[in-house]
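Biologist: I have the sequence and the model open. Could you take me through some local features?

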Amino acid sequence: MQINVVDQDYYARHGVPHEQLKWLRDNAPVFWHEGDAELGWPGFWAVTKHEDVVHVSRHSDLFSSARRLALFNELPEEERELQRMMMLNQDPPEHTRRRSLVNRGFTPRVISLLEEHIRDICHRLVDEAEGKSDLDFVTDISAPLPLYVICELLGAPVEDRDKIFEWSNRLIGAEDPDYATTPEEGQAAAAEVYAYAGSLAAARREDPRDDIVTRLIQPNEGGEALTEDEFNLFVLLLIVAGNETTRNAATGGMLTFFQHPEQWARLVADRAMARTAADEIVRWVSPVNLFRRTATADTEIRGQRIAEGDKVVVFYASANRDAGVFADPDVFDIGRDPNPQIGFGGGGAHFCLGNHLAKLELRVLFEVLSERLPKIGQAGEAARLRSNFINGIKSLPVHLR
């Protein structure tokens with residue numbers, strides 16, 4: 001079999017190349033994947049089995065996010081220096097210090113307080129959708145939800161959600177012709193978010209409120225606080241990660257329900273299944289497909305020698321279909337329990353800070369949709385994002401009855 005599990009055109013046409021990833025899990029779970037000189041990226045080790053993805057994730061000392069950053073594409077050294085200031089691209093102990101400061105706003109207790117507000121947002125989105133003739137699940141439901149929630153978390157005006165949406169698209173859409181953003185436009189979007197975060201922090205210093213911005217700019221019990229740069233970069237990460245993962249998990253989940261109507265019927269009949277459905281949606285969709293690490297020393301994975309400096313790419317979408325971990329992994333089952341999906345990361349330092357929030361948003365959204373729109377259906381082809389990083393859907397036409 002010819003293997004290319006990072007072909008962005010394939011992702012745009014078909015989504016995740018599950019057939020190739022299955023072949024790798026069965027035949028070459030730690031596979032040397034040739035690079036592409038024309039596109040400017042070197043060869044890498046593709047790690048595809050659940051156990052090995054977890055191993056790489058939990059050993060930041062051996063597999064660094066900082067050395068050559070966590071995103072797949074190579075960046076010039078001058079751009080890497082700025083990127084290394086983001087938690088996504090840091091290793092312990094610096095990452096641990098930063099995460100401990102940020103975590104105050106994302107504890108399960110803090111997140112649980114948002115449930116009724118999220119439910120109100122979902123009902124409002126359905127109310128608005130019912131008054132429209134042409135509906136797109138992305139622009140009308142799945143994208144606004146996390147944007148409203150991000151505005152709530154930041155204490156930002158709700159009317160700012162449109163520019164946050166536009167910033168997010170510019171930041172992740174460089175490889176997609178519909179967004180057609182240049183690296184310079186992506187950098188400009190990052191600069192705009194950076195300035196926006198600074199203005200939010202300044203406003204909260206003048207007028208503290210019960211929101212995450214106020215919490216994060218204040219010192220913790222030990223007297224430590226995020227620096228101005230650290231706070232601004234955290235907001236940048238939140239706008240991308242907090243928006244893209246929920247938006248694409250929700251859209252991918254809805255599309256999957258259209259493809260598996262018997263599972264939708266189960267949810268409509270018993271909305272309590274939304275609790276287990278949220279994890280199954282994340283497993284099935286895997287909104288973040290991959291991350292890159294760099295070996296810090298000669299090591300081995302599953303007997304395969306990895307040299308210091310080698311690029312190691314973990315594929316969450318593959319790990320979430322591993323037959324050694326999941327019974328009937330190619331079956332979408334909203335009642336799956338237990339469900340050790342690793343769509344939010346394989347544990348370790350970089351396990352997704354917002355996983356409780358994302359699952360809460362998914363659970364509440366599908367509870368409301370199954371209650372209010374039991375006859376929702378697909379009205380046209382889904383358009384996929386041209387990206388091997390985000391398993392994204394740009395549009396999904398729907399009808400409500």
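Modeller: Cys122 counts as buried, as its relative accessibility is 1%; buried means under 20% relative accessible area, exposed over 50%, and partly exposed in between, with a 1.4 Å probe and protein chains only. This is a predicted model, where local features need pLDDT of at least 70, side-chain atom pairs count only at pLDDT 80 or more, and totals for chains, interfaces and linings use all residues. Residues are numbered from 1 along each chain as its sequence is written, and side-chain values use heavy atoms, with hydrogens and water left out.

Biologist: How far from Cys352 is the nearest cysteine sulfur?

Modeller: A disulfide is a pair of cysteine sulfur atoms within 2.5 Å. Cys352 is in no disulfide. The nearest cysteine sulfur to Cys352 belongs to Cys122, at a distance of 18 Å.

Biologist: Is Ala317 buried or exposed?

Modeller: Ala317 lies in helix H16, residues 316-319; helices (H or I, at least four residues) and strands (E, at least two) are DSSP runs, numbered from the N terminus. Beyond four places away in sequence, Ala317 touches Val16, His18, Ser286 and Asn289, where contact means heavy atoms within 4.5 Å. With a relative accessible area of 0%, Ala317 is buried.
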